[in-house]
Amino acid sequence: MTLRPAALAAAVLLAATLAACSSDESDPAAEPTPTPASSAPTSTGSPGDSGTTPAPTEPPAEVPAGVSLVVRIDGESVSPNAADLDLGRGEPLTLRITSDRAGELHVHSRPEQYVEFEAGASTHELVIDAPGSVEVEEHESGVVVAVLKVGG
């Protein structure tokens, strides 16, 4: 009789183990599907709302590393005005432009460059290969948005 309860206990333990393993594999809702850190951020909620500890995040894909400049244009009002930025030769500069009209930035580099933008928000990348001082001018208003100090 002592052999029978031991065999029964082993069978129950084996069945419970198999049931636990098979339910994790067959039920796709058992575990959430991970999402890549570079996915686009959502605009709802705030960190910590779910009650779980958020995983470490990387900057969103649309936010490149390096130097960036935010330019705002509202009619003839342009900001910033002659912002000084240090930039390495060949280092990308990200321009984040928000404007109520289409326009163009004139980059007084060698060779000269032009950054055309539409009304609304846009992002552009600029690379300066020649060292020196380079002015970035909003073409329509003539406002110097930034002075880039490009190192050698």
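The legends below describe close-up views of a predicted model.

**View 1. Overall fold of the protein.** The protein contains 1 helix and 9 strands, arranged along the sequence as α-β-β-β-β-β-β-β-β-β. Of its 152 residues, 25% are buried. Among contacts with a separation of 6 or more, 55% are between residues 24 or more positions apart.

**View 2. The largest nonpolar core.** This core has 23 residues, and those that touch the most other members are Leu 69, Leu 93, Leu 95, Ile 97, Leu 105, Ile 128 and Leu 148. Two or more residues each come from strands S1 (67-74), S3 (83-88), S4 (92-99), S5 (103-107), S6 (113-117), S8 (132-138) and S9 (144-151). Leaving out residues up to four places away in sequence, Leu 148 touches Leu 85, Leu 87, Leu 93, Ile 128, Gly 132, Ser 133, Val 134 and Val 136.

**View 3. Salt bridges of Arg 101.** By the rule applied, the protein has 3 salt bridges. Arg 101, Glu 138 and Glu 140 form a network of such bridges. Between Arg 101 and Glu 138 the N to O distance is 3.1 Å. Arg 101 sits in the loop between S4 and S5 and Glu 138 in strand S8, 37 residues apart. Both Arg 101 and Glu 138 are buried. In the bridge from Arg 101 to Glu 140, the closest N and O atoms are 3.6 Å apart. Glu 140 belongs to the loop between S8 and S9, and 39 residues separate this pair. Arg 101 counts as buried because its relative accessible area is 13%, below the 20% cut-off.

**View 4. The salt bridge between Lys 149 and Asp 84.** The side chains of these two residues, Lys 149 and Asp 84, meet with an N to O distance of 3.3 Å. Lys 149 is in strand S9 and Asp 84 in strand S3, so the bridge ties together parts 65 residues apart in sequence. Lys 149 is partly exposed, at 37% relative accessible area, whereas Asp 84 is exposed, at 57%.

View 5. Ser 122 lies in strand S7, which covers residues 120-127. Its side chain makes a polar contact of 2.9 Å with the side chain of His 124.

View 6. Most residues other than glycine have a negative phi, and most peptide bonds are trans. The peptide bond from Ser 79 to Pro 80 is cis, with omega near 0°, and Pro 80 is in the loop between strand S2 (77-79) and S3. Ala 82 is also placed in the loop between S2 and S3. Its phi is positive, about 55°, although Ala 82 is not a glycine. Ala 82 is partly exposed, with 35% relative accessible area. Another cis peptide bond joins Arg 110 and Pro 111, with omega about -5°. Pro 111 is in the loop between S5 and S6.

**View 7. Gly 142 and Val 78.** Gly 142 is found in the loop between S8 and S9. At 36% relative accessibility, Gly 142 is partly exposed. The C-alpha atoms of Gly 142 and Val 78 are separated by 9.5 Å, while the two residues are 64 residues apart along the chain.

Methods. Residues numbered from 1 in each chain as written. Predicted model: local features only at pLDDT ≥ 70, side-chain atom pairs only at ≥ 80, totals over all residues. Heavy atoms only, no water. Helix = DSSP H or I, 4+ residues; strand = E, 2+ residues; numbered from the N terminus. Polar contact = N/O pair within 3.5 Å; in protein donor to acceptor, adjacent residues only side chain to side chain. Core = buried A, V, L, I, M, F, W, Y, C linked by side-chain atoms within 4.5 Å. Buried < 20%, exposed > 50% of the residue type's maximum accessible area, 1.4 Å probe, protein only. Contact = heavy atoms within 4.5 Å. Salt bridge = Lys/Arg side-chain N within 4 Å of Asp/Glu carboxyl O.
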